Amino acid sequence: MLPLVNQASVLVGFRPSWSGPAEPEQNLSAVSPDERRRLRRMISNRESARRSRARKQRHLEELRGQAGRLRSQNHELADRLGGLARRCLLLRQDNDLLRAEASALCRRLADLRREVALRQFHRLVAPPPLGAHHELAWASLIV
């Protein structure tokens, strides 16, 4: 807000738009009290508007700073997301390979179990061996 002295000096040289031709040095006493109040109010309103514009400018600068920070944070998060997506893809590929390997091992195990069962069946239906060394040969097959 302007000091009172400056307001008075503004009032001295002020010429209302509705008045006639301006006199070079208008006297404050020639201005009515209502006119002085109106002029002071106008000066006060201008000062208030100036402060409002300054607040708006500060707020705008804060918003610009915040927007910059958010853009930077968004870029960092997008980079992290891209890295995590690539890692996820690699892990899925590894998981697919492990599942395929596990499936192959399950099939192999099932084949071996069938083979063992078939050998045990043949052993049960086969004629008894002639010598002791045959029993050891058959026992090695069961393992």
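**Reading a helical chain**

Modeller: Let us begin with glutamate 115, which counts as partly exposed because its relative accessible area is 37%. The term rests on cut-offs: buried is under 20% relative accessible area, exposed is over 50%, and partly exposed lies in between (1.4 Å probe, protein chains only). This is a predicted model, in which local features need pLDDT of at least 70 and side-chain atom pairs count only at pLDDT 80 or more, while totals for chains, interfaces and linings use all residues. Residues are numbered from 1 along each chain as its sequence is written, and side-chain values use heavy atoms, with hydrogens and water left out.

Biologist: How many helices and strands does the protein chain have?

Modeller: Helices (H or I, at least four residues) and strands (E, at least two) are DSSP runs, numbered from the N terminus. Here the protein chain has 3 helices and 0 strands, giving the pattern α-α-α along the sequence.

Biologist: How is the reach of helix α2 to be judged?

Modeller: One compares it with an expected span, namely 1.5 Å times one less than the number of residues. Helix α2 covers residues 33-125. With its 93 residues, α2 reaches 131 Å from its first C-alpha to its last, close to the 138 Å expected at 1.5 Å a residue.

Biologist: Which residues of α2 are buried?

Modeller: They are Glu35, Leu39, Ile43, Ser44 and Glu47. In the protein chain of 143 residues, buried residues make up 7%.

Biologist: Why does glutamate 47 count as buried, and what does its side chain contact?

Modeller: Glutamate 47 counts as buried because its relative accessibility is 10%. Its side chain is joined to that of arginine 50 by a polar contact of 2.3 Å. A polar contact is a pair of N or O atoms within 3.5 Å; within protein, one must be able to donate a hydrogen and the other to accept it, and residues adjacent in sequence count only if both atoms are side-chain atoms.

Biologist: Where do glutamate 61 and arginine 64 lie?

Modeller: Glutamate 61 and arginine 64 both lie in helix α2, 3 residues apart, about one turn of the helix. They form a salt bridge in which the closest N and O atoms are 3.0 Å apart. Glutamate 61 is partly exposed at 41% relative accessible area, and arginine 64 is partly exposed at 49% relative accessibility.

Biologist: What partner does glutamate 115 meet in a salt bridge?

Modeller: The partner is arginine 119, and their side chains meet at 3.2 Å, N to O. Arginine 119 is partly exposed, with a relative accessible area of 37%.

Biologist: Which residues form the nonpolar patch on the surface?

Modeller: Leu118, Phe121, Leu124 and Val125 form it, with about 430 Å² of accessible area together. Accessible areas come from the Shrake-Rupley method with a 1.4 Å probe; for residues, only the protein chains shown count as cover. Patch residues have over 30% relative accessible area and no salt bridge; like charges are joined within 9 Å, and nonpolar side chains (Val, Leu, Ile, Met, Phe, Trp, Tyr) within 5 Å. Phenylalanine 121 belongs to helix α2 and is partly exposed, at 49% relative accessibility.

Biologist: How many disulfides are counted?

Modeller: A disulfide is a pair of cysteine sulfur atoms within 2.5 Å, and the count comes to 0 disulfides. Cysteine 88 is partly exposed, with a relative accessible area of 35%, whereas cysteine 106 is exposed at 52% relative accessibility.

Note on methods. Salt bridge = Lys/Arg side-chain N within 4 Å of Asp/Glu carboxyl O.
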